[in-house]
Amino acid sequence: MDTIKNEYLTEEYKALHPLQITTCIENVKFVCFVDETFSKAHPTPPLKQLDRLHFHSYYELFCVSEGSLKIKFENTESIIKEGETVIIAPSVLHRSFIESNNVKRYNLNFVMEKTNVKSDFDLFKILSSALVYPLYYSVDKNIETALKKMSECIKTNERIAFSLHFHEIINAIISKHSGQVVDIIRENSESRIYKIHHVINLHYMDDISVSDIAKMLFLSERQIRRIIKKYHSCTFSELICKMRMKAAYELLTTTDMKISEIAIRVGYNSLSGFYSAFKSEYGNLPLYVRKNK
């Protein structure tokens, strides 16, 4: 079989993958490259030039949720079955093949680099050891579940939640490598903003306050305000309004609900207040948006 060393340059790869999500865990910075193929699978065209092996400068993760996936290497090949996950290390010559329309798989590409963060847990060293082999192999339902949630995060552009689910994958890799359950998701600002988002998503239509969230999450009001300001560059009230308007826009463009009903659904008792907030966010009144969707 012919081989071709087709290593993507970073800028070229970024151009092909417009969504890049960066997250830091302990002393490692990860950049995940995501495109529309993340959770889609199509049969590999039977063209001879596609049989050529290639390699990348990044880690390539495959997780099969239905069917099977074939990966060819220089001297061998592996069949990745349902429920199995593999991670192919950089510079390893390979080629993946999908031979059926019934295959469902996740494909996540990422790079990692060591940072100057001081930590008692040398994650970079451990991961470099765990992923040094051409093919890292695992059967772990937690990885598949995390990838499924990450797929949903891509659709809604929830980058922080995506990052935290990626943390779960790293946890699974480290736990398998060490032979014991490891939890490296510390109580940092990333995990806190995720929890804040979760609470607001459940209660944005209610008369919820910073004090209410602080009590639910055992944080101070000052911490919550500071974290929201850091990640959203706005106040708590502004964030609530943005989330209400986002929900209202979705209901306006995807349902036949009356505008007055939508206003109540997203937390407004005053229709004039709803109109004012909506126009401020989108530049037009709700009826205009509905008619021009």
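Helix axes are lines fitted to C-alpha atoms over the stretch in contact, and angles run from 0 to 180 degrees between N-to-C directions. Helices (H or I, at least four residues) and strands (E, at least two) are DSSP runs, numbered from the N terminus. The model is predicted, and local features need pLDDT of at least 70, side-chain atom pairs count only at pLDDT 80 or more, and totals for chains, interfaces and linings use all residues. Residues are numbered from 1 along each chain as its sequence is written, and side-chain values use heavy atoms, with hydrogens and water left out.

The chain holds 11 helices and 9 strands. Of its 293 residues, 45% count as buried, that is, under 20% relative accessible area with a 1.4 Å probe, protein chains only.

Helix H8 and helix H10 pack with their axes 10 Å apart, at an angle of about 90 degrees. H8 is therefore roughly perpendicular to H10 (65 to 115 degrees). The table lists the residues in contact (heavy atoms within 4.5 Å).

| Helix | Residues in the contact |
|---|---|
| H8 | Cys241, Lys242, Met245, Lys246, Ala248, Tyr249, Leu252 |
| H10 | Phe274, Ala277, Phe278, Glu281, Tyr282 |

Key. Buried means under 20% relative accessible area, exposed over 50%, partly exposed in between (1.4 Å probe, protein chains only). Angles under 35 degrees count as roughly parallel, over 145 as roughly antiparallel, 65 to 115 as roughly perpendicular and the rest as oblique.
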